[in-house]
Amino acid sequence: MSSAPPHIVEALAALRRQARGETHALGAHRFPDRSRVALMVEAVAAALYPVRLGGWRGAHDAEDRFVADRLGEALNLVEEQVGIELAYWQAEAADAFEPDQPAEVAAWFAEELPAIRAMLDSDLAAALIGDPAARSIDEILISYPGAAAILHHRIANALYRLGAPIVARIASELANARTGIDIHPGATIGGSFFIDHGTGVVIGETAIVGERVRLYQHVTLGARAPIGLSSDGPRERLARHPIVEDDVTIYAGTTILGRVRIGAGSVIGGNVWLLDDVPSGSVVAQPVATILPLQKAADLDARLHGRDG
């Protein structure tokens, strides 16, 4: 059996010390755990949808007990992981965190859950209305990548607003790994939100999305330049991503960058590159493709490749 070369082990140790620096040299092992956050999200999902996502198959009058048990499990995990996150940040903080702060975050998170369930119900209803291929709410909740992504986001966004950005980011990245949909937990997204197909959708931290918005695959609501590579002022730094107003549809492949505003009721066609505001009720589209007769297409191909007709 091969053994680890001592000089390689020492070289890796030196790189770890350099990367951690003095600040986290003692506390680097205190960092939220991806597998524990995954269990937290699973327990929250089971409490929100005990039959469809929690696997509850018992008597109806015992369902509340099942929900209470899964919710208790979820809140214990929230408290645990938030506590680890606060310990990680403690070296950077001017004052010590209160000992009961993780428990307070967990309690406030619990208060968010009825609103999260109501928002998710509106998202599922929007998917059923918006996708003719959908047969039921159950099918959407269990199998649609957009439903999984927005469920993770609703949970992650609550944690983000309660002061646990790392735990929130891990929760959102679990959905990204599963669905290919990347929603920053800081993004503000209204109800009845529907992502159709979904792969490659990116929504940035400061994006604001209104009610009844529909996105298709490979839509980006992004920022124009990375911080540090430009001399942007506070507005550009703190409000870097688009505002999408109510009842907007954005088709596949569209990229919208910067703090632009897409007016209510607008339709943005596929493969559009957009850097400017769009008035309410607009339709934005690429030029219509040219349809060529077969012989003209062959002649054009010959000219492009330097061949005689």
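The legends below describe close-up views of a predicted model. Residues are numbered from 1 along each chain as its sequence is written, and side-chain values use heavy atoms, with hydrogens and water left out. Because the model is predicted, local features need pLDDT of at least 70 and side-chain atom pairs count only at pLDDT 80 or more, while totals for chains, interfaces and linings use all residues.

**View 1. The largest nonpolar core has 69 residues.**
A nonpolar core is a set of buried Ala, Val, Leu, Ile, Met, Phe, Trp, Tyr and Cys residues joined through side-chain atoms within 4.5 Å. Buried means under 20% relative accessible area, exposed means over 50%, and partly exposed lies in between (1.4 Å probe, protein chains only). The residues with the most contacts inside the core are Phe 109, Phe 193, Ile 203, Ile 250 and Ile 262. Elements that each supply at least two core residues include helix H2 (34-48), helix H3 (63-89), helix H4 (101-130) and strand E3 (194-195). H4 gives the most, with 9 residues. Helices (H or I, at least four residues) and strands (E, at least two) are DSSP runs, numbered from the N terminus. In soluble globular proteins, nonpolar side chains tend to be buried together.

With a relative accessible area of 16%, Thr 249 is buried.

**View 2. Asp 247 and Asn 271 have positive phi values.**
Phi of Asp 247 is near 60°, in a residue other than glycine. Asp 247 sits in the loop between strand E8 (243-244) and strand E9 (249-250), and its relative accessibility of 37% makes it partly exposed. Phi of Asn 271, also a residue other than glycine, is near 60°. The loop holding Asn 271 runs between strand E12 (267-268) and strand E13 (273-274). At 53% relative accessibility, Asn 271 counts as exposed.

**View 3. Phe 31, Tyr 88 and Trp 89 are linked into a cluster by ring pairs.**
Rings of Phe, Tyr and Trp (its six-membered ring) pair if their centres lie within 6.5 Å; planes under 30 degrees apart count as stacked, over 60 as edge-to-face and the rest as tilted. The count by this rule is 4 aromatic pairs. The ring centres of Phe 31 and Tyr 88 are 4.9 Å apart and the planes are at 85°, so this pair is edge-to-face. Phe 31 is in the loop between helix H1 (6-20) and H2, whereas Tyr 88 is in helix H3, so the pair ties together parts that are 57 residues apart in sequence. Phe 31 is partly exposed, at 37% relative accessible area; Tyr 88 is buried, at 17%.

**View 4. Salt bridges include pairs formed by Arg 17, Arg 117 and Arg 154.**
A salt bridge is a side-chain nitrogen of Lys or Arg within 4 Å of a carboxyl oxygen of Asp or Glu, and the count comes to 13. Side chains of opposite charge can pair when their charged atoms come close. Arg 17 meets Glu 10 at 3.0 Å, N to O; Glu 10 is partly exposed, at 43%. Asp 121 bridges to Arg 117, with the closest N and O atoms 3.0 Å apart. These two residues are 4 apart in helix H4, so about one helical turn separates Asp 121 from Arg 117. Asp 121 is partly exposed, at 31%, and Arg 117 is partly exposed, at 26%. The side chains of Arg 154 and Asp 123 also meet at 3.0 Å, N to O. This pair links distant parts of the chain, with Arg 154 in helix H6 and Asp 123 in helix H4, 31 residues apart. Both Arg 154 and Asp 123 are buried.

**View 5. The largest cavity has a volume of about 80 Å³.**
On a 1 Å grid over the protein atoms alone, a cavity is a set of points where a 1.4 Å probe fits but cannot get out; lining residues have an atom within 4 Å of a point. Grid points are joined across faces, edges and corners, and a volume is the space filled by probe spheres set on the points. The whole structure has 3 cavities of 30 Å³ or more. Residues lining the largest cavity include Asp 123, Tyr 144, Ile 150 and Phe 193. H4, H6 and E3 are the elements that give two or more residues to this lining.

How values were computed:
On a 1 Å grid over the protein atoms alone, a cavity is a set of points where a 1.4 Å probe fits but cannot get out, and a pocket is an open set with protein on both sides within 12 Å along at least five of seven lines; lining residues have an atom within 4 Å of a point.
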